[in-house]
Amino acid sequence: MEQTTQGSRAYLIWITFVAVIGGLLFGYDTAVVSGAEQALQQFFQSAQDFNYTSFLHGITSSSALIGCVIGGFLSGWVANHFGRRNALILASVLFFLSAMGSYCPEFLFFEKNTPTMGLLIAFNGYRILGGIGVGLASAICPMYIAEIAPAKIRGTLVSCNQFAIIFGMLVVYFVNYMIKNSLPAQEMMISIGWRRMFVSEAIPAALFGLLLLGVPKTPRFLVMTGKDEQALKVLTRINGTQEASDILAEIKSTLTEKQERVFSFGFIVVLVGMLLSFFQQAVGINVVLYYAPRIFENMGASGDVAMLQTVVMGIVNIVFTLVAIFTVDRIGRKPLLIIGSIGMMTGMVALAALSFADTIGIAALIFIIIYTASFMMSWGPICWVLISEIFPNTIRGKAVAIAVATQWITNYLVSSTFLPLSEWSIGGTYLIYALFCLLSVLFVWRMVPETKGKTLEEMTQLWKRK
């Protein structure tokens, strides 16, 4: 009886745990290639029918990002037509198919262990398929959690998704390491090692899909599809009978109209979402995450030391993501974003100065840690929190899709331009990222509303007043 009256916190935590497995797969899928790409390169370089150039390898290593953009664009349509939960089930299927296909791209059509152009196209097709899953999960996991969670702890629960992303990256680093070291000869990496790395994702992908069958559709989606009774049951189990009826009435009051056009509340609300996504990537975080060993080596560290420093940075990422989880609903979204931007700018300016002065030492590691810690306690999780909650109910699916697609496009542009820019000037490249950190402070201060403690239904009134 107490569960019905007060709501079940354990049930809410279980739902959130299942949903954030999508975030873990997001991190897993985007990072798995880091351990496999060198062996993959050697495998395709032995092809007889074409020359596997560095340019082709760059496309192959980042082909999943193409799928991420596609998945981001499709996420709103899929979420609105099939529901948030069913969209995540689709993402889990795509993750699974991608893992199995990347493991054996020869399936049905090609000879095993014989690299050809056709096989390369097939492999990239499977990686793009997984990328579509990442694009869907990156948009819909935070949206699902936001629509399930009570307003007072929504920020904390959505921030758990970012923790899962970072944790997924760490998990796959360890999995890749174990697979590499389990092979009796290093030559086996070229024939079987990279395959095992990709197929390892099939296990969490299958688990994610199965567990999703046991969690509910979101109350907001149920109301949007005329299933008020089911929505009330979900709300009652999470919030208790005292609050469930009030929340249902509030949801219905903002959904009296059918799905509205994405600019129904003006261009500014969509622009804010797009700029949140843009700045999250333009500050250069994925350059640091993707190229950390290379950056440390450029700073003078040896290969082994560079890898150790990368591990240290990974631990820092976990710790400071936890800082965001425990403070986002107390301090608020805007203060954390502004503090994080200032910390990132400090780190990047210092790294630029060290680079111009050609000074190598522990200072470089310290300032990279300051930079990544500042990001992980702010823009990393809180951008996803805001994107999941800031849009009115009637445009949320479409607006989130635009914001997430913007994020993946910016990710690709920033990641693909780092190496050419670094050949021009490492210090100058860091100053460009520092400038975007400064611009992000001005953007948050002038344009981003504080959403701490507000219900999703209050977002409608917030943007109607602007």
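A residue is called buried under 20% relative accessible area, exposed over 50%, and partly exposed in between, with a 1.4 Å probe and protein chains only. The model is predicted, so that local features need pLDDT of at least 70 and side-chain atom pairs count only at pLDDT 80 or more, while totals for chains, interfaces and linings use all residues. Residues are numbered from 1 along each chain as its sequence is written, and side-chain values use heavy atoms, with hydrogens and water left out.

Select isoleucine 432 in helix 20 (residues 426-447), where helices are DSSP runs of H or I with at least four residues, numbered from the N terminus. Isoleucine 432 counts as partly exposed because its relative accessibility is 29%. Beyond its neighbours within four places in sequence, isoleucine 432 is in contact (heavy atoms within 4.5 Å) with Leu421 and Trp424.

Next, select Phe44, Leu276, Trp379 and Phe391, which touch the most other members of the 130 residues in the largest nonpolar core. Such a core is a set of buried Ala, Val, Leu, Ile, Met, Phe, Trp, Tyr and Cys residues joined through side-chain atoms within 4.5 Å. Around phenylalanine 391, leaving aside neighbours within four places in sequence, the contacts include Val269, Val270, Arg396 and Met459.

Note on methods: Helices (H or I, at least four residues) and strands (E, at least two) are DSSP runs, numbered from the N terminus.
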